[in-house]
Every structure is written in structure tokens, then in C-alpha cells.
Amino acid sequence: MKNFEYAVPRTEAEALGLLSREWGETEILAGGTDLVGLMKKMIVTPDRVVNIKEIPTLRGVSETADGILIGAVTPLDEVLDSPLLDDFPAVKQAIRGISSIQLQAQGTIGGELCQRPQCWYYRNGGGLLADRGKLVASGDNRYHAIFNNSGPAKFVHPSRLAPALIALGAAVRVIGPKQDQESLVPLAEFYRVPRDDNQRETVLAPSQLVTHVYVPWLNLHSATYEVRHGEGPDYPLAAAAAALEISGGVVREARIVLGHVAPTPLVSGDARNALVGRSVDANTAESAGAAAVAHATPLSHNGYKAQLAKTAVKRAILLAAGLETGGF
Ligand SMILES: Cc1cc2nc3c(=O)[nH]c(=O)nc-3n(C[C@H](O)[C@H](O)[C@H](O)COP(=O)(O)OP(=O)(O)OC[C@H]3O[C@@H](n4cnc5c(N)ncnc54)[C@H](O)[C@@H]3O)c2cc1C
């Protein structure tokens with residue numbers, strides 16, 4: 001690991017003052033379950049690490065007039081245990097999917113949303129875009145993207161919570177780069193596909209940070225379904241979150257978000273269109289799953305993921321509608 005300066009700010013303003021305007025010079029440390037491994041492997045080599053876990057305003061789950069506010073450094077197990085999140089089963093199911101009490105206790109919600117891709121070319125020093133996508137296209141790409149993979153970025157976004165939170169209409173409060181700047185960014189607009197080495201996977205600038213996650217009360221039926229290798233602390237092969245507005249037995253609105261199939265969490269308008277105006281049953285859920293993957297563009301070794309994603313969408317919809325109790 002490269003030597004670095006270690007800073008422990010106590011306020012949001014102090015944290016902003018410690019962050020560089022250039023990527024790579026400083027890194028934000030929350031639970032460290034992702035960042036420390038990257039630093040040990042010299043994939044990231046900051047001059048300064050800014051530990052934001054001692055900023056009291058960034059921790060805890062609270063209720064607002066129209067939703068729930070979760071501080072970015074709140075550990076995942078505290079989110080899981082909070083009764084305020086009981087009406088958002090998709091979020092709790094996604095956290096349970098991590099299936100490691102150590103990671104749930106140490107990892108934070110902000111870190112989970114901002115964790116870096118697991119792409120093995122990136123993790124082995126090949127760069128985030130792995131020679132502008134050439135390494136992935138010509139190599140072992142069995143866990144890579146099956147959507148939005150025509151550019152240099154072919155990794156899948158690793159967040160488990162992002163699909164659930166996007167489906168629920170969540171937003172993140174972002175502060176910086178200037179001291180008095182803050183904005184509420186819909187999570188659906190937070191992720192982006194990097195086009196070159198100067199971009200990362202979110203719209204955050206190097207001197208910005210996420211302080212809170214806001215989840216609105218929208219009275220939605222929600223669920224997350226993941227297709228996984230097994231029960232260990234490993235990432236899903238494909239996942240989907242569904243949030244449905246149902247009245248009179250009919251789906252009035254739906255947000256279906258796929259995970260682990262593209263460089264960003266992927267909102268499927270096709271799956272939504274296959275559901276709205278219909279009642280949920282095995283057939284409509286199956287049709288929505290088929291619609292979600294109809295335009296997949298698999299790479300040479302990951303065609304199987306389209307079937308897994310289709311199943312994830314179907315199961316998430318059935319779980320959300322209470323027609324299936326499997327999953328978690
Ligand atoms: C052995 C192992 C197995 C794992 N398995 C899984 C798994 O199966 N499923 C899964 O989902 N995850 C898994 N993880 C990853 C882990 O769940 C996530 O890395 C964790 O949730 C990240 O949270 P953290 O607080 O530790 O983040 P950190 O490691 O502290 O930070 C992660 C990244 O986010 C940035 N960051 C953190 N907080 C903020 C913020 N508030 N604003 C802006 N940027 C921020 C950091 O700079 C860093 O780049 C695994 C990790 C390990 C070590």
C-alpha cells in the first residue's frame with residue numbers, strides 16, 4: 001500500500017475542505033470494505049484518505065414528513081434493523097442478499113452505492129475500461145454486461161441496493177464541490193457509463209460526497225430478487241427490483257430496475273410497459289421478464305445472463321405483488 005495522509009473530519013464542511021478537485025489524489029473512506037482492498041492492491045493510490053465515519057450528521061435513519069432519510073455512513077445492519085424501512089422490503093431483501101454479517105456491520109449505505117466495479121480486469125490492474133473494452137471483448141467476459149456494452153465500459157455495476165432504491169424513487173443528497181453547494185440527485189440519474197479514464201461510474205465530482213439517501217413514501221409494493229451462485233458473500237449474476245403501484249388488482253404504475261447486467265443499474269421501460277394496466281400473475285410477470293431482456297446484447301461468453309435477468313424480473317414482480325414468498 002502506498003503511504004497516505006489520514007484525515008478524520010467531524011463536520012461535512014471540514015470533509016469537503018479535505019477533498020481534492022482531481023480524481024486519484026484523495027479518496028473517501030466509509031466502512032472501507034471496498035476501498036481498503038483497492039488500496040492494498042494499489043488499484044487506487046490516494047495521497048490522502050478522508051474518513052467520513054466520524055461525522056455525526058451522516059449517521060442514522062430518521063423519518064421526514066414525506067419519506068425516510070438515511071445517513072450515508074449508516075451501517076447496512078442498522079438499515080436492516082430499522083422498523084422505518086419495513087415498508088420498503090426491496091431494500092431489506094437487497095441487504096440480506098449480502099449474506100455476510102461482517103459486511104453488513106462494516107459496510108455503509110453510501111459505500112454500498114458508491115463501491116467500485118468488481119470487473120476482474122479492473123481488480124487486477126487492467127484499468128476501469130480495460131484497454132478501452134478490448135480486454136473484456138476478447139477475453140473472459142462471463143460476468144460482464146449484457147446491456148449498454150458497446151462502448152469501452154463493459155463491467156456491471158456492483159451495487160445491490162441501487163436497483164431497489166431506484167425502483168422506490170430514492171434520491172441522494174450530494175454536497176460540494178463548493179462549501180455551500182448541495183443538491184438532491186435522483187438515484188436514477190446518479191450513475192453513468194464512463195467514456196474515458198477521467199470519469200467514474202457516478203456523476204459525483206472528486207470533491208463531492210453523498211451525505212444522505214432519501215426514500216419517499218409512495219405506498220409501493222416492492223421486492224428484490226437476485227440470481228446467485230450460492231449463499232456465500234458473493235455478488236449476484238443478475239438481479240431485479242420491482243416497485244408496483246397496484247389498485248383494484250391492476251398495476252397502475254411500475255418501476256423495474258435490473259442489476260448486475262449493465263455498467264449502471266438499468267431501468268426497464270419495456271418491462272414497465274408490459275405490466276401497466278394489467279393484473280399481476282405468472283403470465284404477465286413472465287412477459288415483463290421477456291420484455292426486459294428482449295434487447296440484450298450479450299458478449300461472447302455471457303448470453304446465459306439474459307435468461308437469469310428475465311427470471312429475476314419475473315420473480316421480483318411476483319414477490320412484490322405478494323404472489324410468491326421465495327427469495328429471502
Ligand atoms: C470479501 C468481500 C465480499 C463482498 N461481497 C459483497 C457482496 O456479495 N455483495 C455486495 O453488494 N457487496 C459485497 N462486498 C462489498 C461491500 O458490501 C461493499 O463494498 C460495501 O457496502 C461498501 O461499503 P463501505 O462503507 O465499506 O465502503 P468503502 O469501502 O468505504 O467505500 C466504497 C467506495 O465508495 C466511496 N464512498 C464511500 N462512501 C461515500 C460517500 N458517502 N460519498 C461518496 N463516495 C463514497 C469510497 O471512496 C469508495 O470508492 C464485499 C466486500 C468484501 C471485502
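The model is predicted, so local features need pLDDT of at least 70, side-chain atom pairs count only at pLDDT 80 or more, and totals for chains, interfaces and linings use all residues. Residues are numbered from 1 along each chain as its sequence is written, and side-chain values use heavy atoms, with hydrogens and water left out.

Start with helix H4, residues 89-96. Helices (H or I, at least four residues) and strands (E, at least two) are DSSP runs, numbered from the N terminus. In H4, 6 of the 8 residues are buried, so the rest of the structure largely encloses this helix. Buried means under 20% relative accessible area, exposed means over 50%, and partly exposed lies in between (1.4 Å probe, protein chains only). The buried residues are Ala-90, Val-91, Lys-92, Gln-93, Ala-94 and Ile-95.

Now turn to the loops. Pro-177 sits between strand E6 (171-175) and strand E7 (182-186).

Two other loop residues have positive phi without being glycine. Asn-219 has phi near 55°. Asn-219 lies in the loop between strand E8 (209-216) and strand E9 (221-227). With 72% relative accessibility, Asn-219 is exposed.

His-260 has phi near 65°. Its loop runs between strand E11 (250-259) and strand E12 (266-267). His-260 is buried, at a relative accessible area of 3%.
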